[in-house]
Amino acid sequence: TGQMDVAYPREALSISLNTGKVRIKPDPKLVYDFQVSVKNGLQDFFPHSRDRAAIKVKVNVINGAVDKE
């Protein structure tokens with residue numbers, strides 16, 4: 001439960017919340033492979049990349065939202 005703000009992730013991340021909000025600000029200079037899942041709530045569009053150098057960001061929220069800045 002809570003809120004998490006992530007700015008310019010440079011390493012692989014795995015975030016999991018039962019209830020709350022995750023706000024992500026990607027670095028426009030980097031390539032990401034987002035895997036975002038929200039069971040009950042809202043999520044912005046997050047791109048998938050098959051590039052081997054893409055930074056993997058996994059976000060799983062049961063009740064809440066995942067937004068992109």
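In this report, Lys and Arg count as positive and Asp and Glu as negative, while His and the chain ends are not counted. On that basis the chain, which is a predicted model, carries 11 positive and 8 negative side chains. The centres of the two sets lie 4 Å apart.

## The chain as a whole

The secondary structure consists of 4 strands and 0 helices. Read from the N terminus, the order of elements is β-β-β-β. The radius of gyration is 11 Å, close to the 11 Å that the globule rule gives for 69 residues, so the chain is as compact as a globular protein of that length. Along the principal axes, the C-alpha atoms occupy a box of roughly 30 × 20 × 15 Å.

Burial applies to 35% of the 69 residues. The accessible surface amounts to about 4700 Å², and carbon and sulfur atoms contribute 49% of that area. When contacts between residues at least 6 apart in sequence are considered, 41% of them join residues at least 24 apart.

Strand S3 spans residues 32-43 and includes Asp33. Is Asp33 buried or exposed? Its relative accessible area is 9%, and because the limit for a buried residue is under 20%, Asp33 is buried.

The side chain of Asp33 takes part in a polar contact of 3.4 Å with the side chain of Lys56. A polar contact of 3.2 Å also links the side chains of Asp33 and His48. By contrast, Val61 is 28 residues from Asp33 in sequence, and the two C-alpha atoms are 17 Å apart in space.

## Asp67 in strand S4

Asp67 belongs to strand S4, which covers residues 55-68. Its relative accessibility of 19% places Asp67 among the buried residues, since buried means under 20%. The side chains of Asp67 and Lys21 are joined by a polar contact of 3.1 Å. Lys21 is also one of the residues that Asp67 touches outside the four places on either side in sequence; the others are Val22, Arg23, Ile24, Asp44 and Phe46.

| Side chains joined | Polar contact |
|---|---|
| Asp33 and Lys56 | 3.4 Å |
| Asp33 and His48 | 3.2 Å |
| Asp67 and Lys21 | 3.1 Å |

## Residues with greater accessibility

Leu42, like Asp33, is found in strand S3. With a relative accessibility of 64%, Leu42 counts as exposed, because the limit for that class is over 50%. Which residues does Leu42 touch, not counting those up to four places away in sequence? They are Gly64, Ala65 and Val66. For one of these, Ala65, the C-alpha atom is separated by 4.7 Å from that of Leu42, although the two residues are 23 residues apart along the chain.

Glu69 is located in the segment after strand S4. Its relative accessible area is 53%, and Glu69 is therefore exposed. Beyond residues up to four places away in sequence, Glu69 touches Arg23, Ile24, Lys25 and Pro26.

Tyr8 lies in the loop between strand S1 (2-7) and strand S2 (13-25). The relative accessible area of Tyr8 is 37%, so this residue is partly exposed. The backbone of Tyr8 has a phi near 50 degrees, which is a positive value in a residue other than glycine.

Terms used: Residues numbered from 1 in each chain as written. Predicted model: local features only at pLDDT ≥ 70, side-chain atom pairs only at ≥ 80, totals over all residues. Heavy atoms only, no water. Helix = DSSP H or I, 4+ residues; strand = E, 2+ residues; numbered from the N terminus. Buried < 20%, exposed > 50% of the residue type's maximum accessible area, 1.4 Å probe, protein only. Polar contact = N/O pair within 3.5 Å; in protein donor to acceptor, adjacent residues only side chain to side chain. Rg over C-alpha atoms; globule rule 2.2 N^0.38 Å. Contact = heavy atoms within 4.5 Å. Areas by Shrake-Rupley, 256 points an atom, 1.4 Å probe, with all protein chains shown as cover. Charge placed at Lys NZ, Arg CZ, Asp CG, Glu CD.
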